[in-house]
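Subject: Structure handover

Hello,

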Amino acid sequence: MRSAVELATGEGFGVSAVYCREDRPGWSAGEERTGYGVVLVRRGRFRRRWRGAEVGADPALGYVSVPGDEERFAHPHGGDVCTSITVSEELWHATAGEGPLTAERGVYVDARLELAHRRCLAAVGDVRFALAEELLELLAGTVRRLTDRPVPAAAPPGDRALVTAAREAVAAEHPAAEGLFPLAALLGVSPYRLSRAFPRELGVSLTRYRNRARVGRALDRLAAGETDLAALAADLGFADQAHLTRTVRAHLGHTPATLRSLASKGALLPL
C-alpha cells in the first residue's frame, strides 16, 4: 500500500513523504506525470520503468520526472520511504533553464546532495525562508547532475546489471563489499571490469561510491545522536577516527564534529 503525507507547500513547490509498506514484485499500472518532480529515496529501494528501461532507485540514486513521462513501479524488496518534491513549471525552468536533460533522468545522490536533502527536511517548519532556500539548493544540485554530466561512452553489455548488483551488495553491507577484489569475486567478474563499470554507469569510482555509502551511514548515526566518533569510525570500517574525519570532510566539506553540532541543534534530520 502506498500513501503520501504532505510535509510542506510553498510558492511553486510541494514536499511530501511517500511510504510503500508492502512487497509488490509486479509492475504497477502506468502513471503519467503532469508536472515536474524530484524523487529522493530515504530508506529502502524499488524499481522504476520508464521508456522501456528498468532502473533501480535507492538512497544513492534518485530521479527526475517531467510532464508527459509515463512511469511504472515495482517494490520487490519490501517497504520504502521517499521524499517527493513537486515543482511548478516556472520554478523548474528558473532552476534548470530550457536545455535538455540527460536521457535517463537518474540522479546520483552523492553525500553533498544527501546533506542538502536532510537540511531541506529539517527546514519544513519555516516554509517561506529556510525551506525555500534549502529547496533551491537541493534543486540546483539535482539539476546540475542532469545537465552538466558529460555523455558517457558506450558501455559493454551487462554493465548496468553488474553495477546494480554491486550497489546492492554495498547497500546490504555484504562482507565482500569491504574490498574491490572480494566484491568482484562475488559477482563473478574481473576487478578491472567492475572498477571500470562504475565510472561509465554512474560517473564516480567504486571506491568513492562505497565511501559515499559509509558517509551516509555516518550521517544516520550522527543525526540519531551518536557522540563517540572513535566508535563510529570502528563500526563503519574506517581505519581510525582521523580516517573517518578525512572521508567525511572530502564528501561533505564538514567534519563529523561539525555535523554532530548541527544534529544537536536539530539542523540534521534523520531520514
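The largest nonpolar core has 25 residues, and V38, V64, I85, V87, W92, L135 and L138 have the most contacts inside it. A nonpolar core here is a set of buried (under 20% relative accessible area, 1.4 Å probe, protein chains only) Ala, Val, Leu, Ile, Met, Phe, Trp, Tyr and Cys residues joined through side-chain atoms within 4.5 Å. This is a predicted model: local features need pLDDT of at least 70, side-chain atom pairs count only at pLDDT 80 or more, and totals for chains, interfaces and linings use all residues. Residues are numbered from 1 along each chain as its sequence is written, and side-chain values use heavy atoms, with hydrogens and water left out.

At least two residues of this core come from each of β2 (13-20), β4 (36-43), β9 (80-87), α1 (89-96), α2 (111-122) and α3 (127-147); helices (H or I, at least four residues) and strands (E, at least two) are DSSP runs, numbered from the N terminus. The most is given by α3, with six residues. Another core, of 20 residues, lies apart from it and includes V170, V189, L202 and L206.

There is also an open sheet of four strands in the order β3-β8-β5-β6, with antiparallel pairing (two strands pair if DSSP finds at least two bridges between them). Because β3 (31-32) and β6 (53-57) are at the edges with a single partner strand each, one side of each has no neighbour in the sheet. Within the sheet, β5 (residues 46-50) and β8 (residues 70-74) pair over four bridges in the antiparallel sense. R48 is opposite F73 in β8.

Regards

Key. Buried < 20%, exposed > 50% of the residue type's maximum accessible area, 1.4 Å probe, protein only.
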